[in-house]
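Open your viewer and get ready to click along.

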Amino acid sequence: MKIGILGTGEVGQHLAKGFLGLGHEVMIGSREAGGEKLDKALAAAGQGAGGTFADAAAFGDMVALCCLGAVIESVLKLAGAENLAGKVLIDATNPLDFSKGFPPRLLDLPDGSAGQLTQRLAPRARVVKAFNTAGSHTYVKPSYAGGPPDMFICGDDEGAKEQVTALLVDFGWKTIDLGPLESARYTEPMCMVWVQFGLRTQSWSHAFKLLRK
Ligand SMILES: NC(=O)c1ccc[n+]([C@@H]2O[C@H](COP(=O)([O-])OP(=O)(O)OC[C@H]3O[C@@H](n4cnc5c(N)ncnc54)[C@H](OP(=O)(O)O)[C@@H]3O)[C@@H](O)[C@H]2O)c1
């Protein structure tokens with residue numbers, strides 16, 4: 001499959017590396033084709049192609065949104081809603097405000113969540129919230145004594161969630177489907193639980209697991 005990655009940060013890099021390792025084709029998108037950040041992301045991913053956000057969105061049969069939460073509107077405008085129509089759009093973002101430094105605070109988005117904002121801006125995309133409740137360096141083949149960790153996903157398109165679940169299983173995760181995309185209101189704040197635990201323990205490789213009987 002061809003996968004477009006909208007973002008040159010750590011999430012984009014680790015997703016690109018993971019998808020390439022599974023034999024998919026990848027294009028990473030950035031504001032500037034041929035810029036320094038794109039070169040760095042491609043080097044970290046190992047291979048793959050680079051282009052603008054619009055190039056990557058048009059390239060992908062599936063697209064992953066992994067930009068700073070505060071600039072989702074700008075990135076999706078640059079990507080072009082028409083380039084995302086009908087495609088599974090993985091939303092890995094968290095609506096974080098870093099303006100007062102670290103730790104960040106959650107942005108209070110009028111749409112309710114970054115996932116819902118993404119769906120409004122790309123109305124014909126099949127948005128699935130995923131990958132936002134884990135550190136990106138643990139995305140590929142996570143190895144924990146307690147077994148595979150859980151990735152919480154949600155979205156309004158059942159077929160899209162099935163496709164994302166299959167990818168997550170290939171990456172080495174179990175998935176927990178929390179239903180409609182509106183549940184992103186609850187999975188996005190989970191990133192702050194992850195950050196707070198990291199700050200208190202000064203360790204950054206933890207992951208969530210839901211225990212059931
Ligand atoms: N880091 C993690 O482990 C982790 C884990 C789970 C979820 N997340 C979430 O995933 C998302 C990506 O995180 P990240 O750390 O990989 O990268 P990031 O630094 O949050 O975002 C990098 C991307 O944002 C774009 N960007 C920044 N400012 C912009 C602006 N003013 N206009 C347009 N685009 C702009 C950059 O474009 P250029 O390429 O043009 O510079 C780049 O592609 C975030 O929402 C984050 O909260 C992060």
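Before the first selection, a word on residue classes: Ala, Val, Leu, Ile, Met, Phe, Trp, Tyr, Cys and Pro count as nonpolar, Asp, Glu, Lys and Arg as charged, and the others, Gly among them, as polar. This is a predicted model, in which local features need pLDDT of at least 70 and side-chain atom pairs count only at pLDDT 80 or more, while totals for chains, interfaces and linings use all residues. Residues are numbered from 1 along each chain as its sequence is written, and side-chain values use heavy atoms, with hydrogens and water left out.

**Stop one: the ligand**

The shell divides into 12 nonpolar, 11 polar and 3 charged residues. Which of the 26 residues come nearest? They are Thr8, Val11, Ser30, Lys37 and Cys67. Now colour the helices (DSSP runs of H or I, at least four residues, numbered from the N terminus). Both α1 (10–21) and α4 (72–79) supply at least two residues of the shell each.

Pick Arg31: one of its polar side-chain atoms is 2.8 Å from a ligand oxygen. Lys37 also places a polar side-chain atom 2.8 Å from an oxygen atom of the ligand. At Ala92, a backbone N or O atom lies 3.3 Å from a ligand oxygen.

**Stop three: an aromatic pair**

Select Trp194 and Trp204. Rings of Phe, Tyr and Trp (its six-membered ring) pair if their centres lie within 6.5 Å; planes under 30 degrees apart count as stacked, over 60 as edge-to-face and the rest as tilted. The structure holds 5 such pairs. Here the ring centres of Trp194 and Trp204 are 5.7 Å apart and the planes meet at 50°, so this pair is tilted. Trp194 belongs to helix α9 (residues 190–201), and Trp204 to the segment after α9.

**Stop four: two backbone details**

Go to Phe102 and Pro103, where the peptide bond is cis, with omega near 5°. Pro103 sits in the loop between β6 (96–97) and β7 (105–106); strands are DSSP runs of E, at least two residues.

Finish at Phe131, a residue other than glycine with a positive phi, near 70°. Look for Phe131 in the loop between β8 (126–129) and β9 (150–155).

Technical notes: Near = heavy atom within 4 Å. Polar contact = N/O pair within 3.5 Å; in protein donor to acceptor, adjacent residues only side chain to side chain.
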